[in-house]
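Here is a short briefing for a reader who is new to this structure. Please look over the sequence and the model first.

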Amino acid sequence: MQRNILEYLEATVRRVPDKGAFAGEEGSMSFRQVYDQARAIGSYLYRAGCYRKPIVVFMKKHPRTITAFLGAIYGGNYYVPLDEEMPRARMELILQSLEPGMLICDEHTEGLARQLAYSGCILRYEEAAFGIIDEEILSQVRGRQLDIDPIYIVFTSGSTGVPKGVMGCHRSVIDYIENLCAVLKFDEDTVFGNQTPLYFDACLKEIIPSLKYGATTQLIPKQLFLFPVQLVDYLNQKQINTLCWVVSALTMISSFHTFDRVKPKFLRTVAFASEVFPIRQLNAWRAALPKTRFYNLYGPTETTGICCWYEVTRFLEEGEALPIGRPFPNTEIILLDENGRVPAPGEQGEICIRGTRLTLGYYRDREKTDTAFIQNPLHDLYPDKIYRTGDIGRYNDRGELLFVARKDHQIKHMGHRIELGEIEAVLSAHPQVRNACCVYDPQRRKITAHYTGSVTPGELDHYTREKLPRYMIPAIFRQLTAMPLTPNGKIDRHLLCRGGS
Amino acid sequence: MQKLLTILQDLHPEVEFETADHLIDDGILDSFDIVTLVAEIDDAYGVAVPAQELMPENFNSAGALYALIQRLRDE
């Protein structure tokens with residue numbers, strides 16, 4: 001039985017060593033190159049004393065970045081991707097909580113890496129990737145490795161202002177990828193067009209199936225997502241046939257009527273996740289590409305990735321809810337009401353997930369892990385862990401699962417999962433802010449920050465940019481003389497949502 | 001032009017839009033900004049920017065963007 005994700009790469013490199021694995025703007029790498037360089041990095045790390053440690057990969061998006069991830073795993077470690085677009089304060093917060101064994105950088109990021117408040121080792125990719133491949137070390141590491149060992153930590157927004165590090169392991173990723181591939185029908189001829197950043201778990205959908213099948217992943221230059229006609233030209237030029245994108249990247253193409261000018265010629269599969277796809281836009285895609293399969297995917301980082309899928313096979317009316325469908329094999333969805341019981345058919349409940357795909361939990365945060373990953377409340381006969389998503393769902397008359405709303409103040413904005421509480425925590429930390437409350441308008445896709453205090457909106461905007469990633473910066477800052485309160489003394493979010501003060 | 005500068009300034013208060021002429025090449029404007037800009041231009045000037053006009057050349061400076069708006073208004 002497979003117990004390491006690297007076995008995918010090892011089987012593929014024997015079959016198609018010279019085929020392109022990952023390609024980007026600044027070069028591509030074959031499976032053989034990925035295999036050799038990743039093993040050299042693994043050997044280097046182990047010899048440098050890094051074993052079962054977090055390895056930070058702080059590199060520009062490039063095939064080498066993925067190779068560095070795999071190199072960390074070859075050395076028996078787990079990788080932690082950081083991105084240069086993260087504000088410095090956030091990176092330093094993450095580095096402090098990690099205490100990594102090594103930070104791997106490239107020529108673009110080395111300067112910044114050396115300025116960070118971080119005292120650990122820094123390694124340039126090339127120093128390790130072209131060194132000795134120590135077969136003996138690699139086989140020792142492999143011999144001691146279990147499938148429940150962690151392979152990555154990705155950081156997601158945390159409501160208290162500190163990002164949470166979610167840890168995935170070999171077993172959860174293998175379970176996820178095997179079922180994802182079977183449902184989405186990936187194969188050796190698949191050419192992925194990667195859109196999502198490498199510092200989220202979303203890119204596992206492309207990276208791991210590429211290793212498994214010997215398929216190719218094209219890393220699409222980020223700038224093209226500003227220009228839909230050029231983007232579609234690029235898809236055609238690279239003969240990309242499979243997309244797993246966030247909704248906003250797809251609607252960017254359809255909402256500008258790009259299909260009147262140019263159509264993707266090779267697309268077999270379009271999968272999307274992270275947000276609700278507006279039906280009108282989805283219908284525009286389906287009308288332009290009648291032979292393409294469309295899948296709505298759903299699943300949180302905490303359960304490794306996508307756990308539910310829905311293939312769009314019938315015509316959906318505008319205003320109709322797009323189902324998230326049903327779970328993958330070997331995954332169970334349980335709806336639970338406020339009393340921890342299964343609601344009546346058609347009634348709402350919190351979406352809870354059961355299965356091998358559950359991640360290990362949050363790094364160095366036992367308390368948050370125990371709150372989200374709990375004993376199945378339907379029995380107390382033996383340990384049986386489920387993950388509470390905080391998403392409210394219900395089944396429609398066809399037995400398809402629908403996403404209804406969030407339980408808390410987590411939002412999805414331009415494909416990113418954001419806790420409004422994290423933005424509020426940053427705003428409230430400003431010395432001249434007394435109180436802050438953020439609301440989200442999903443129609444206009446705008447985060448509005450309301451606050452009381454003497455700082456001007458411009459100053460607060462500037463301050464926020466130093467602390468938070470771009471996608472978390474409120475579009476509007478509104479200074480209020482007093483926060484509106486509900487009768488029981490809480491901030492009246494509903495009033496703020498309606499634009500009142 | 002003043003209306004356009006206000007729209008841009010709201011998006012990025014830190015940028016000197018009168019002089020900046022590599023807004024795309026320098027990575028100042030991202031996809032959030034482009035989507036917002038197109039919507040705001042529609043609101044302010046009543047012109048819809050078609051897909052084929054979404055090119056780096058049209059968004060690299062406030063001047064180029066304003067020229068695009070005028071051209072679209074004349075059409």
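This is a predicted model: local features need pLDDT of at least 70, side-chain atom pairs count only at pLDDT 80 or more; totals for chains, interfaces and linings use all residues.

Residues are numbered from 1 along each chain as its sequence is written, and chains are lettered from A and ligands numbered from 1 in the order in which they are written.

**Chain A overall**

- Chain A has 16 helices and 26 strands; helices (H or I, at least four residues) and strands (E, at least two) are DSSP runs, numbered from the N terminus.
- The radius of gyration of chain A is 23 Å, close to the 23 Å that the globule rule gives for 501 residues, so chain A is as compact as a globular protein of that length. The radius is taken over C-alpha atoms, and the globule rule is 2.2 Å times the number of residues to the power 0.38.
- The C-alpha trace of chain A spans about 70 × 60 × 55 Å along its principal axes.
- Of the 501 residues in chain A, 48% are buried. A residue is buried if 20 or more other C-beta atoms lie within 10 Å of its own, exposed if 12 or fewer, and partly exposed in between, with C-beta atoms placed from the backbone.
- Among contacts in chain A with a separation of 6 or more, 66% are between residues 24 or more positions apart. Two residues are in contact if their C-beta atoms, placed from the backbone, lie within 7 Å.

**Chain B overall**

- Chain B has four helices and zero strands, and its pattern along the sequence is α-α-α-α.
- The radius of gyration of chain B is 11 Å, close to the 11 Å that the globule rule gives for 75 residues, so chain B is as compact as a globular protein of that length.
- Along its principal axes, the C-alpha trace of chain B spans about 30 × 25 × 20 Å.
- Buried residues account for 20% of the 75 residues in chain B.
- For contacts in chain B between residues at least 6 apart in sequence, 60% join residues at least 24 apart.

**Where the chains meet**

- In the contact between the chains, 16 residues of chain A touch 14 residues of chain B.
- On the chain A side, the elements that give two or more residues are α10 (228–237) and α15 (457–467). The largest share, three residues, comes from α15(A).
- By class, this side of chain A has eight nonpolar, five polar and three charged residues. Ala, Val, Leu, Ile, Met, Phe, Trp, Tyr, Cys and Pro count as nonpolar, Asp, Glu, Lys and Arg as charged, and the others, Gly among them, as polar.

**The nine-stranded sheet of chain A**

- Nine strands of chain A form an open sheet with mixed pairing, in the order β2-β1-β10-β9-β11-β12-β13-β14-β15. Two strands pair if DSSP finds at least two bridges between them.
- Strands β13 (residues 293–298) and β14 (residues 308–311) of chain A run antiparallel and are joined by four bridges. The bridge partner of A:L297 in β14(A) is A:W309.

**The three-stranded sheet of chain A**

- Three strands of chain A form an open sheet in the order β24-β25-β26, again with mixed pairing.
- Its edge strands are β24 (433–441) and β26 (476–479) of chain A.
- Eight bridges pair β24(A) with β25 (residues 446–453) of chain A in the antiparallel sense. A:D441 stands opposite A:K446 in β25(A).

**Strand β17 of chain A**

- Six of the seven residues of β17 (residues 349–355) of chain A are buried.
- Six bridges join β17(A) to β16 (residues 331–336) of chain A, and the two run antiparallel.
- Four bridges join β17(A) to β20 (residues 385–395) of chain A, also antiparallel.
- A:E350 is the bridge partner of A:L336, and the bridge partner of A:E350 in β20(A) is A:I392.

**Helix α1 of chain A**

- The buried residues of α1 (residues 6–15) of chain A are A:L6, A:Y8, A:L9, A:T12 and A:V13. Seen down the axis of α1(A), they fall within an arc of 145 degrees, so they line one face of the helix. The arc is that of the directions from the helix axis to the C-beta atoms.
- A:R14 and A:R15 are exposed on the other side of α1(A).
- The buried residues of α1(A) pack against α2 (31–47), α3 (63–74) and α9 (204–213) of chain A.
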